[in-house]
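Here is a friendly walk through some helix packing, side-chain contacts and backbone angles. Have the sequence and the coordinates open as you read.

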Amino acid sequence: MEQDNSFCIQITADGSHTIFIPGLNEHYHSVNGAIQESMHIFIKNGLFQIQKPKIRILEIGFGTGLNALLTLLNATDKKIHYTALELYPLLPEMALELNYPQRLEDKRAPEFFRELHSLPWEKENFVTSFFTLMKRKTDFTSFVFSDTYDLIYFDAFAPEKQSEMWSQLLFDRLFSVTEPNGILSTYCAKGVVRRMLQQSGYLVKRLPGPPGKREILQALKK
């Protein structure tokens with residue numbers, strides 16, 4: 001996918017923003033509700049399923065920073081090291097037009113959201129005593145991993161929009177860096193994706209999706 005700097009902000013069904021990219025005819029989040037989608041897929045069926053005091057998280061696609069913000073707000077009883085891979089970061093001034101802090105009932109959200117987008121890339125940033133953020137401006141398809149992860153948020157654009165991000169080779173690589181009993185969570189429940197995850201070695205479950213989506217996938221490394 002080539003970078004497309006044209007975008008427009010749209011309101012989703014739960015009142016939170018998403019970004020629409022006309023060149024791809026694609027949204028960053030579900031039009032049925034950006035916040036409720038991320039909470040359901042990545043927090044409820046991801047973060048809350050890892051019963052460890054220290055968690056290493058990998059996000060494929062930092063995007064708007066919504067998943068990182070929700071993780072930070074919901075992980076006060078855990079110590080999180082969060083790595084996000086993003087080839088085409090949003091400009092901070094673009095991201096800060098989004099209304100996530102105003103839609104979330106947490107007084108910490110505005111400051112945290114500004115900080116997540118203003119912190120430098122390619123550096124470990126200690127956001128709080130329990131949350132460390134590493135943003136990597138890199139192409140996931142060629143990235144060489146040196147760490148392992150307890151939880152993977154796979155939030156790339158849809159396979160029909162960004163097919164190079166959804167391949168057997170890449171899921172095999174993710175499986176190899178997933179810790180035992182680690183989870184990969186994704187909004188995409190297509191049969192071809194489920195079969196690739198199974199081929200990699202994951203135990204894959206179809207789970208009920210958020211409003212507007214019938215199913216999501218949760219992949220567990222036993």
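In this predicted model, Gln-49 counts as partly exposed, with a relative accessibility of 40%. The residue sits in the loop between α1 and β4 (54-60), and one of its contacts is Gln-218.

**Gln-49 and its surroundings**

- Which residues does Gln-49 touch, leaving aside its neighbours within four places in sequence? They are Lys-44, Ile-183 and Gln-218.
- The side chain of Gln-49 has a polar atom 2.8 Å from the backbone oxygen of Lys-44, so this pair falls within the 3.5 Å limit for a polar contact.
- Gln-49 and Ile-9 are 40 residues apart along the chain, and their C-alpha atoms are separated by 32 Å.

**Gln-218, a buried glutamine**

- Gln-218 belongs to strand β11, which covers residues 215-220.
- Is Gln-218 buried or exposed? Its relative accessible area is 9%, and because buried means under 20%, Gln-218 counts as buried.
- A polar atom of the Gln-218 side chain lies 2.9 Å from the backbone oxygen of Asn-45.
- Not counting residues up to four places away in sequence, Gln-218 touches Asn-45, Gln-49, Ile-183, Leu-184, Leu-203, Val-204, Lys-205 and Leu-207.

- Helix α1 spans residues 34-44 and is mostly covered, with eight of its eleven residues buried.
- Those buried residues are Ala-34, Ile-35, Glu-37, Ser-38, His-40, Ile-41, Phe-42 and Ile-43.
- How do α1 and helix α2 (residues 66-73) pack? Their axes are 10 Å apart, at an angle of about 65°, and the crossing is right-handed.
- On the α1 side, the contact involves Ala-34, Ile-35, Ser-38, Met-39, Phe-42 and Ile-43, while α2 supplies Leu-66, Asn-67, Leu-70 and Thr-71.
- Sorted by class, the residues of this contact of α1 with α2 are seven nonpolar, three polar and no charged.

**Helices α6 and α7**

- Helix α6 (residues 168-176) and helix α7 (residues 191-200) have axes that come within 9 Å and cross at roughly 45°.
- α6 and α7 are therefore oblique to each other, since angles under 35 degrees would count as roughly parallel and 65 to 115 as roughly perpendicular.
- The handedness of the crossing of α6 and α7 is right-handed.
- Gln-168, Phe-171, Asp-172 and Phe-175 from α6 make the contact with Val-193, Met-196, Leu-197, Gln-199 and Ser-200 from α7.
- By class, this contact of α6 with α7 has five nonpolar, three polar and one charged residues.
- Leu-169 also belongs to helix α6. At 59% relative accessibility, Leu-169 counts as exposed, because the exposed class begins over 50%.
- The C-alpha atoms of Leu-169 and Thr-141 are separated by 9.2 Å, although the two residues are 28 residues apart along the chain.

**Thr-128 at the end of β6**

- Thr-128 is placed in strand β6, residues 124-128, and counts as buried at 17% relative accessibility.
- Where does the side chain of Thr-128 find backbone nitrogens? It reaches that of Phe-130 at 3.1 Å, and one of its polar atoms lies 3.1 Å from that of Phe-131.
- Leaving aside neighbours within four places in sequence, Thr-128 is in contact with Leu-72 and Phe-112.

- Glu-122 has phi near 65°, a positive value in a residue other than glycine.
- This glutamate lies in the loop between α5 (109-118) and β6. Glu-122 is partly exposed, with a relative accessible area of 41%.
- Asn-181 is not a glycine either, and its phi is positive at about 65°. Asn-181 is found in strand β9, residues 178-186.

Terms used:
Residues are numbered from 1 along each chain as its sequence is written. This is a predicted model: local features need pLDDT of at least 70, side-chain atom pairs count only at pLDDT 80 or more; totals for chains, interfaces and linings use all residues. Side-chain values use heavy atoms; hydrogens and water are left out. Axes are lines fitted to C-alpha atoms, for helices over the stretch in contact, and angles run from 0 to 180 degrees between N-to-C directions. Helices (H or I, at least four residues) and strands (E, at least two) are DSSP runs, numbered from the N terminus. Angles under 35 degrees count as roughly parallel, over 145 as roughly antiparallel, 65 to 115 as roughly perpendicular and the rest as oblique. A crossing is left-handed if the near helix is turned anticlockwise from the far one by less than a right angle, and right-handed if clockwise. Contact means heavy atoms within 4.5 Å. Ala, Val, Leu, Ile, Met, Phe, Trp, Tyr, Cys and Pro count as nonpolar, Asp, Glu, Lys and Arg as charged, and the others, Gly among them, as polar. Buried means under 20% relative accessible area, exposed over 50%, partly exposed in between (1.4 Å probe, protein chains only). A polar contact is a pair of N or O atoms within 3.5 Å; within protein, one must be able to donate a hydrogen and the other to accept it, and residues adjacent in sequence count only if both atoms are side-chain atoms.
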